[in-house]
Amino acid sequence: MTPVLEIAGLCKAFGGLQVTKSVDMRVERGERHLVIGPNGAGKTTLFNLISGDIPADRGAIRVQGSDVTRASAAARAHRGIARTYQIVTLFGRDDLMHNVKLALLGKSRSRWRQWGSFASDRQLSERAVQVLDAVGLAGKAHLPLEQTSYGEKRRLEIAMALAQAPTLLLLDEPLAGLSAAERATITELLRGISRDITVVLIEHDMQAALALADRITLLHYGEVITAGTRQQVVDDPRTQQIYLGH
């Protein structure tokens with residue numbers, strides 16, 4: 001079966017600093033794949049390369065068998081890639097409903113429509129409420145973003161990514177900075193994501209992340225040190241030395 005994501009020999013340098021060194025990775029359909037490594041290991045850079053936020057120097061990225069290595073970030077989104085970021089990236093002056101509507105419009109042909117009102121589009125509003133309801137925020141649809149908690153912003157960001165009906169969802173530290181209660185809420189939300197969506201996750205909360213992961217890749221100084229099932233990687237002495245022993 002063709003993997004949802006296949007990376008081969010991926011390299012990226014910033015000046016003289018080699019951040020990603022010939023990374024290979026394969027993620028199967030429906031898999032929950034955890035990327036771990038110390039700070040500076042190149043995890044977020046890897047996500048930026050996959051999503052098209054930055055170009056690769058060498059190597060190949062394939063999504064569902066199609067080479068997207070030189071494709072724009074917008075083209076990759078239309079290929080089914082959606083992502084969240086380490087730092088919450090939302091439209092801060094708008095309410096939750098407006099944020100989700102913008103996400104829904106991202107892959108919709110109706111974004112080119114030159115007539116009618118965005119605010120009064122009933123079908124779009126109904127779909128936005130459904131998306132918000134899926135993450136437990138429907139009751140706050142018209143609340144200004146500035147009046148929401150950090151955990152609610154994290155849930156909204158995940159909702160906006162899911163609104164794009166992705167095939168591949170990249171989650172960059174979705175539990176970072178959350179209270180224990182908020183981590184539990186979002187962990188449960190992530191657990192409920194359909195297996196029709198393949199998830200690649202960067203996360204430092206190992207207890208929560210290991211409960212979600214099917215397979216793990218360990219990065220260190222931009223290189224893949226080990227990869228395999230959850231148990232294989234956790235039991236690998238290199239994982240203990242480089243990461244879990246920290």
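This is a predicted model: local features need pLDDT of at least 70, side-chain atom pairs count only at pLDDT 80 or more; totals for chains, interfaces and linings use all residues.
User: Hi! I'm new to this one. Which residues make up helix 5, and how does helix 5 pack with helix 3?

Analyst: Welcome! Helix 5 covers residues 150-163, and helix 3 covers residues 96-105. The two pack at an angle of about 30°, with their axes 8 Å apart.

User: What does that angle make them, roughly parallel or roughly perpendicular?

Analyst: Angles under 35 degrees count as roughly parallel, so helix 3 and helix 5 are roughly parallel to each other. Their crossing is right-handed.

User: Which residues make the contact?

Analyst: From helix 3 come Leu 96, Asn 99, Val 100, Ala 103 and Leu 104. Helix 5 brings Leu 156, Met 160 and Ala 163.

User: And how do those divide into nonpolar, polar and charged?

Analyst: Seven of the residues in the contact of helix 3 with helix 5 are nonpolar and one is polar, with no charged residue among them.

User: Nice. What about helix 3 and helix 4, at what angle do they cross?

Analyst: Roughly 105°, and the axes of helix 3 and helix 4 come within 9 Å. The range 65 to 115 degrees counts as roughly perpendicular, so that is the word for helix 3 and helix 4.

User: Which residues of helix 3 and helix 4 make that contact?

Analyst: On helix 3 they are Leu 96, Met 97, Val 100, Lys 101, Leu 104 and Leu 105. On helix 4 they are Leu 124, Ser 125, Arg 127, Ala 128, Val 129, Val 131 and Leu 132. By class, this contact of helix 3 with helix 4 has ten nonpolar, one polar and two charged residues.

User: Back to helix 5. How many of its residues are buried?

Analyst: Twelve of the 14, so helix 5 is mostly covered. Among the buried ones are Gly 151, Lys 153, Arg 154, Ile 158 and Ala 161.

User: What covers them?

Analyst: The cover includes strand 6 (81-83), helix 3, helix 4 (122-134), strand 7 (168-172) and helix 6 (180-191).

User: How far does helix 5 reach from its first C-alpha to its last?

Analyst: It reaches 20 Å, close to the 20 Å expected at 1.5 Å a residue. Just after helix 5, Ala 165 takes a positive phi of about 50°.

User: I'm curious about Glu 152. Why does Glu 152 count as buried?

Analyst: Glu 152 is found in helix 5. Its relative accessible area is 11%, and buried means under 20%. Leaving out residues up to four places away in sequence, Glu 152 touches Leu 137 and Lys 140.

User: Changing topic: where does Thr 44 lie?

Analyst: Thr 44 lies in helix 1, which spans residues 43-51. With a relative accessible area of 22%, Thr 44 is partly exposed.

User: What does Thr 44 touch?

Analyst: Not counting residues up to four places away in sequence, Thr 44 touches Gln 86, Asp 172 and Ile 202. Thr 44 and Glu 173 are 129 residues apart in sequence, yet 9.4 Å apart in space, C-alpha to C-alpha.

User: You mentioned positive phi. What is the phi of Ser 22?

Analyst: Ser 22 has a positive phi of about 50°, although it is not a glycine. Ser 22 lies in strand 2 (residues 17-27) and counts as partly exposed at 45% relative accessibility.

User: Last one: where is Gln 64?

Analyst: Gln 64 is in the loop between strand 4 (58-63) and strand 5 (66-67). Its phi is near 50°, a positive value in a residue other than glycine. Gln 64 is partly exposed, with a relative accessible area of 33%.

Conventions:
Residues are numbered from 1 along each chain as its sequence is written. Side-chain values use heavy atoms; hydrogens and water are left out. Axes are lines fitted to C-alpha atoms, for helices over the stretch in contact, and angles run from 0 to 180 degrees between N-to-C directions. Helices (H or I, at least four residues) and strands (E, at least two) are DSSP runs, numbered from the N terminus. Angles under 35 degrees count as roughly parallel, over 145 as roughly antiparallel, 65 to 115 as roughly perpendicular and the rest as oblique. A crossing is left-handed if the near helix is turned anticlockwise from the far one by less than a right angle, and right-handed if clockwise. Contact means heavy atoms within 4.5 Å. Ala, Val, Leu, Ile, Met, Phe, Trp, Tyr, Cys and Pro count as nonpolar, Asp, Glu, Lys and Arg as charged, and the others, Gly among them, as polar. The expected span of a helix is 1.5 Å times one less than its number of residues. Buried means under 20% relative accessible area, exposed over 50%, partly exposed in between (1.4 Å probe, protein chains only).
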